[in-house]
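Student: I am new to this structure. Please pick one part and look at it closely, and show me what surrounds it.

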Amino acid sequence: MNAPLDPQADPHTSAAQKARILAEALPYIQRFHGRTIVIKFGGNAMADDALKAGFARDVALLKLVGMNPVVVHGGGPQIEQMLAKLGKKGEFVQGMRITDPETMDVVEWCSGAR
């Protein structure tokens, strides 16, 4: 889809554009109605107010159309920044973070899990 899922995000969206957006979204709304949807909210998006607002709007819309969104957060930039302060470099294999005990402590601290 080229247009945002939330037609209210742009006040200049015409009625025809809104109808097209909803028509494109309807099969997905029907397919995932009543289902739990896990959404990752990445660390880069957490640092941008416009992205945060759009994300919140989209999650609310998913709930309004009958899905059960569950948000999990990333925090890669914040974790990397803290590791750098500790003089440690994050390690990745095929895009996945290697979490030795010291790195896991930083991940938990950045996530507020402690």
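**Helices and what they pack against**

Tutor: Leaving aside residues up to four places away in sequence, Thr 103 touches Leu 83, Lys 88, Arg 97 and Ile 98; touching here is contact, with heavy atoms within 4.5 Å. This is a predicted model, where local features need pLDDT of at least 70, side-chain atom pairs count only at pLDDT 80 or more, and totals for chains, interfaces and linings use all residues. Numbering runs from 1 along each chain as its sequence is written, and side-chain values use heavy atoms, with hydrogens and water left out.

Thr 103 sits in helix H5. Helices (H or I, at least four residues) and strands (E, at least two) are DSSP runs, numbered from the N terminus. Thr 103 counts as buried because its relative accessibility is 3%. Buried means under 20% relative accessible area, exposed over 50% and partly exposed in between, with a 1.4 Å probe and protein chains only.

The buried residues of H4 (residues 76-85) are Ile 79, Met 82 and Leu 83. Down the axis of H4, they fall within an arc of 100°, so they line one face of the helix. The arc is taken from the directions between the helix axis and the C-beta atoms. These buried residues pack against strand E4 (96-97) and helix H5 (101-111). Gln 81, Ala 84 and Lys 85 are exposed, on the face turned away from the buried side of H4. Just after H4, Gly 87 has a positive phi of about 75°.

H3 covers residues 49-64, which makes 16 residues. At 1.5 Å a residue they should span 22 Å, and the end C-alpha atoms are 23 Å apart, which agrees. The expected span is 1.5 Å times one less than the number of residues. At the N-terminal end, Asp 48 caps H3, with a side-chain oxygen 2.8 Å from the backbone nitrogen of Ala 50. Just after H3, Gly 66 takes a positive phi of about 100°.

Which residues of H3 are buried? They are Gly 54, Phe 55, Val 59 and Leu 62. Their arc is within 135° down the axis of H3, so they too line one face of the helix. Strand E1 (36-41) and strand E2 (68-73) are among what covers them. Asp 49, Ala 50 and Leu 64 are exposed on the other side of H3.

Phe 55 also has a ring partner. The structure holds 1 aromatic pair. Phe 41 and Phe 55 have ring centres 4.2 Å apart and planes at 20°, so the pair is stacked. Rings of Phe, Tyr and Trp (its six-membered ring) pair if their centres lie within 6.5 Å; planes under 30 degrees apart are stacked, over 60 edge-to-face and the rest tilted. Phe 41 belongs to strand E1 and Phe 55 to helix H3, so the pair ties together parts 14 residues apart in sequence. Phe 41 is buried, because its relative accessibility is 13%.

Last, the whole protein. It has 5 helices and 4 strands, in the order α-β-α-α-β-α-β-β-α. Of its 114 residues, 23% are buried. The average pLDDT is 84, and 89% of the residues score at least 70; pLDDT is the predictor's confidence in each residue, from 0 to 100.

Note on methods:
Polar contact = N/O pair within 3.5 Å; in protein donor to acceptor, adjacent residues only side chain to side chain.
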